[in-house]
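The sequence and the model come first.

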Amino acid sequence: MSVASIIQFTVLFQATVLYLVPPLVQFLGAHPNVTGPHFNTVRFVTSGAGPIGQSDAQRVLDKANHINFIQGYGLTETSPLVSILSRESKNLSSSGVPIPNTSVKIIKLESGESVGPGVVGEICVHGPQVMVEYHNNPKATAETKDSEGWLHTGDMGYYDEHKHLFIVDRLKELIKVKGFQVAPAELEEILRQHPAVGDVAVIGVPHERSGEVPKAFIVPKDSKVKEDEIKKFVADKVSDYKQLAGGVQFVSTIPKNTSGKILRRKLKEMYCTQ
């Protein structure tokens, strides 16, 4: 669904709840033609299917501060909810706390050991909503669900001292820089804050010494913006290993699926094989 379709639906049908994915939240917050009156009847905006940053959600609330913003986390294999953000929470980047009868743990990839607050690892879920098995696929079931019934989600995240869950990115999309893990979503949120960035995607590209390094593909709002300006903007906000050592490439479009998810493999095919 396009932004124009969402606006038309909201205004014509006086929608009170919008169920959105992060790219649409980002677009509604950034699009200059979307203004406060478009949200007059909206009371709740819910976001799921991927992580979203505080600044991306806040841009929507800046246009309509009467809205309750709710983020949740779940998978098809969890029927589908694992956690949800309470209406009172101001930490909009959190996916909230586990729903009743549900346990969540964060584990180290190397050892499977559980970790404490603030440490990023793989999210594992245990509860009555977790699937029994994949139909006629015992191999996939064994790779995803362990003998104790814990579902290994393939999502990376952490929890804070208040037991709030935060999603970092998909395990398979992390960029591995000198043994460190860099989440493209984190860098993309930072880059969207630059006034000259219209759209952005970050991927890992091969590097002789580091293994991989982040590279940003940007659809610019201002054709005068330079690569060094973008790289410095990021460098001032992140650790050395998260900097855009792979460079910045200005492009006309970012390939996405129908729900707005970045197609990183397609991005590599379009721009990295030329």
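**Entry 1: charges over rings**

I began with lysines that face aromatic rings. K237 lies over the face of F233, at 3.7 Å from the ring centre. I also noted K105, whose charged end sits over the ring of W150, 4.4 Å from the ring centre. For this contact I required NZ of Lys or CZ of Arg within 6 Å of the ring centre and within 35 degrees of the ring normal.

**Entry 2: basis of the values**

I record that this is a predicted model, in which local features need pLDDT of at least 70 and side-chain atom pairs count only at pLDDT 80 or more, while totals for chains, interfaces and linings use all residues. Residues are numbered from 1 along each chain as its sequence is written, and side-chain values use heavy atoms, with hydrogens and water left out.

**Entry 3: annotated domains**

I looked up the UniProt record, an unreviewed entry, which places "domain: AMP-dependent synthetase/ligase" at residues 13–134. Over residues 13–134 I read 16% helix and 26% strand, with the end C-alpha atoms 39 Å apart. The unreviewed entry also gives "domain: AMP-binding enzyme C-terminal" for residues 186–261. That span is 21% helix and 32% strand, and its end C-alpha atoms lie 15 Å apart. UniProt positions are in the numbering used here, feature names are shortened, and annotations may be inferred rather than shown by experiment. Helices (H or I, at least four residues) and strands (E, at least two) are DSSP runs, numbered from the N terminus.

**Entry 4: aromatic pairs**

How many aromatic pairs does a search of the whole structure find? I found two. Rings of Phe, Tyr and Trp (its six-membered ring) pair if their centres lie within 6.5 Å; planes under 30 degrees apart count as stacked, over 60 as edge-to-face and the rest as tilted. The rings of Y158 and F166 are stacked, because their centres are 4.9 Å apart and their planes are at 5 degrees. For burial I used relative accessible area: buried is under 20%, exposed over 50%, and partly exposed in between (1.4 Å probe, protein chains only). Y158 is partly exposed at 26%, whereas F166 is buried at 6%.

F180 and Y241 form a stacked pair, with 4.3 Å centre to centre and 15 degrees between the planes. F180 is in strand β11 (residues 180–182) and Y241 in the loop between α6 (227–235) and β14 (248–250), so this pair ties together parts 61 residues apart in sequence. Both partners are partly exposed, F180 at 43% and Y241 at 25%.

I counted eight of the nine residues of helix α5 (residues 184–192) as buried. Among them are L187, E188 and R192. E186 is partly exposed, with a relative accessible area of 31%. Its side chain meets that of K242 in a salt bridge, 3.0 Å from N to O. That pair links distant parts of the chain, K242 being in the loop between α6 and β14 and E186 in α5, 56 residues apart. K242 is buried at 14%.

I counted as a salt bridge a side-chain nitrogen of Lys or Arg within 4 Å of a carboxyl oxygen of Asp or Glu. The whole structure holds 12 salt bridges.

R264 forms a salt bridge with E173, the closest N and O atoms being 3.2 Å apart. E173 lies in the loop between β9 and β10 (175–177) and R264 in helix α7, so the pair ties together parts 91 residues apart in sequence. R264 also bridges to E188, with the closest N and O atoms 2.8 Å apart. This contact joins helix α7 to helix α5, so parts 76 residues apart in sequence are tied together. Salt bridges that share partners join E173, E188, K261 and R264 into one network. E173 and R264 are buried, and E188 is buried as well.

**Entry 5: D160**

D160 is in the loop between β8 (151–159) and β9 (165–170). Its side chain reaches the backbone nitrogen of H162 at 2.9 Å. The backbone nitrogen of H164 also lies 2.9 Å from a polar atom of the D160 side chain. A polar contact is a pair of N or O atoms within 3.5 Å; within protein, one must be able to donate a hydrogen and the other to accept it, and residues adjacent in sequence count only if both atoms are side-chain atoms.
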